[in-house]
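Please keep the sequence and the structure in view while reading.

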Amino acid sequence: MALISLNEVSLSFGGPLLLDKASFQVEAGERLGLLGRNGSGKSSLLRLIIGEHKPDSGVVDIIRGTRIGYLPQEVPTDLNGKVRDIVLDGLGETGAKLKQHDALLAKGIHDETYEELHHWLENADAWNSALVADQLITRMALPPEAEFSSLSAGMKRRVLLARELVAQPDLLILDEPTNHLDITAIDWLEDFLSTQRAALLFVTHDRRFLQKMATSILDLDRGNITRWDCDYEKFLERKEAWLEAEASTNAEFDKKLAREEAWLRQGVKARRCRNEGRVRALQQLRRERRSRREQAGQIRAAIAEADRSGTKVIDVINVGHAWNGDPLIRDLTMTIMRGDRIGLLGPNGTGKTTLLKILLGQITPTQGRVQHGTNLNIAYFDQLREQLNLEKTVAQNLADDTDHVTVGRARKHVISYLGDFLFEPDRARAPVSMLSGGERNRLLLAKLFLNPANVLVLDEPTNDHEVETLEWLEELVSNFDGTVLLVSHDRAFLDNVTTSYLVFEGNGVVREFVGDYDTWRKERVATASTLSNSARDNSTTDNSAEKPRTGRTRKLSNKENRELEELPARIEALETEQADITTKLADPEFYRDPTAVQVVQARLPVLEAELLAAYERWSELDAIVSAK
């Protein structure tokens, strides 16, 4: 059943049509990934569906009673209140009255107003809605009494998602849902959304998220929307073939137009009488050619590579660093060799950017030292873009007040060079403050690539980029012949560019791991098992080899030792059960048995709570072992 239908819809804001007689449907239960270049109109299309924009022509038909949830791309800056209250806002009037009821109850007021309110809530079945809200808060690991303004950007997006889900929408619209989320949170979001029955329509630049979540692709290209009933990888293959066919058709059209233009010029010279029908056909060809919208261009830039560095790039010797008394890095010793390609992996706030700055010499560690090798030419991509002057124009950020830049050893006009990075001349003369996030990232890349480099240090270079730019950057970095240090939340980019990881495990522990992201994720439980076995083996060694104990440490009891040994297996079993449930809930056929669905949905929040408790208990016991 189609929840939403767009029929011959056109939309423009004064420039080229963002939607040019576009038509498509969203069916109940399906998951659609919406693709398109930056500026092509994806967010405008989503706002059109929720009613924030009106089409210039055509019809947006929403079936009566369809509930739509919408998660915008940006986190509101003016939203205040406790987490539970904001989640209840998703229930509209019912949520407002639940909050009013809770406020009266907290004050011990049981007057006539309270009784009327209680009666209204009873009739509206509001207690069941409140239960749904509390279950969501538990499943999404949200602190119900925390102030929204005190949360991280990632946690704020969780709260906003819960606010949309509490009304149990039929269609959930997500605009860049992975923005501001670290990799762990993205993994959680994928698993969570896989359990939801609502149809999904989402925009994302995260290719791994797109591949896992989308059952079909909507491709917004030059105002037209084409539906591809396949996953993302199949879409890429089919779209490439489609573009090749389009290019071939256009080439034949252009040849025909050229022949007809030549005939017309020759006819004017040779004779007065012309085939007027053929002239009219030529005029139609001209109109068709003028109306053709060419595909957006690709970046044509390359990294200017410097002479090779020394074999040893950076020596890290017993480095430790703390922030406000909390350890970010403990006793890290390693050597980065020429040609190493290392990704830094860990939740937000664990110290990845701090370690990069320590390696670059921008921060002095509180312990240990860093030594640089010989002949290093470092290009550093700063995620905060502090290397850009917002008041200067795009061109001035590269060339100051001159007209040329030096690219490697060659001179090039700054406008031409910026054109290689898809900046039109008028955009090149605009102040940087007017640019979007993706444009600023492209400008920073253009600035970095001016100077030859043999070491690339990239801190979140994938933020705000469209898929085509990500693929270009990925290929560029993959072909770079020097050393690469990379922080990114794009799992596909990490896997395709790096060969090893520095994993931030919390409490200052940074561990080296060779392999891809999925392998690391699968081996987390195995690593926990190895650590617990090591702790057990150490506990059986001769007491004379033990470190002296202080009054602040203690030894695990026999019961706790057994518990620590058993926890990895328990965690693995819980994760396996969680994966099985996720698979079931993602299968439309499973919903043919409502009783089974209720049982499984009731088990999932309990399972997630058990898994969280098991992780916390393992961390607690392992910390005791590590402190000895």
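## Buried, exposed and in between

A residue is called buried when its relative accessible area is under 20%, exposed when the area is over 50%, and partly exposed in between. The structure shown here is a predicted model, and the values below are computed from it. By this cut-off R207, with a relative accessible area of 8%, is buried.

Which residue does the side chain of R207 meet in a salt bridge? The partner is E474, and the N to O distance of this salt bridge is 2.7 Å. The two residues belong to distant parts of the chain, because E474 sits in helix α16 (residues 467-479) while R207 sits in helix α8, and 267 residues separate them. Like R207, which is buried at 8%, E474 is buried, since its relative accessible area is 12%.

Another salt bridge joins K212 and D191, whose closest N and O atoms are 3.3 Å apart. K212 is found in helix α8 (residues 207-213) and D191 in helix α7 (residues 183-194), so this pair ties together parts of the chain that are 21 residues apart in sequence.

## A salt bridge at helix α3

The structure holds 25 salt bridges, and one of them is formed by the side chains of K99 and D89, with an N to O distance of 2.5 Å. K99 lies in helix α3 (residues 93-106), whereas D89 lies in the loop between α2 (83-88) and α3, so the pair ties together parts that are ten residues apart in sequence. Are these two residues buried or partly exposed? K99 is partly exposed, with a relative accessible area of 26%, and D89 also counts as partly exposed, at 34% relative accessibility.

## Two buried arginines with polar contacts

R84 has its place in helix α2, and at 16% relative accessibility this residue counts as buried. The side chain of R84 makes a polar contact of 2.8 Å with the side chain of D134.

R222, by comparison, is located in the loop between β8 (216-221) and β9 (224-228). With a relative accessible area of 16%, R222 is buried, and its side chain is joined to that of D221 by a polar contact of 2.9 Å.

Which residues form a negative surface patch? The patch is made up of D111, E112, E115 and E116. One of these residues, E115, lies in helix α4 (residues 112-123) and is partly exposed, with a relative accessible area of 46%.

## A mostly covered helix

Helix α1 (residues 42-50) is mostly covered, as seven of its nine residues are buried. The buried residues of this helix are K42, S43, S44, L45, L46, L48 and I49. After α1 comes G51, a residue whose phi is positive, near 95 degrees.

Definitions and conventions:
Residues are numbered from 1 along each chain as its sequence is written. This is a predicted model: local features need pLDDT of at least 70, side-chain atom pairs count only at pLDDT 80 or more; totals for chains, interfaces and linings use all residues. Side-chain values use heavy atoms; hydrogens and water are left out. Helices (H or I, at least four residues) and strands (E, at least two) are DSSP runs, numbered from the N terminus. Buried means under 20% relative accessible area, exposed over 50%, partly exposed in between (1.4 Å probe, protein chains only). A polar contact is a pair of N or O atoms within 3.5 Å; within protein, one must be able to donate a hydrogen and the other to accept it, and residues adjacent in sequence count only if both atoms are side-chain atoms. Patches are made of residues with over 30% relative accessible area and no salt bridge: like charges are joined within 9 Å, nonpolar side chains (Val, Leu, Ile, Met, Phe, Trp, Tyr) within 5 Å. Accessible areas come from the Shrake-Rupley method with a 1.4 Å probe; for residues, only the protein chains shown count as cover. A salt bridge is a side-chain nitrogen of Lys or Arg within 4 Å of a carboxyl oxygen of Asp or Glu. Lys and Arg count as positive and Asp and Glu as negative; His and the chain ends are not counted. The place of a charge is taken as NZ of Lys, CZ of Arg, CG of Asp or CD of Glu.
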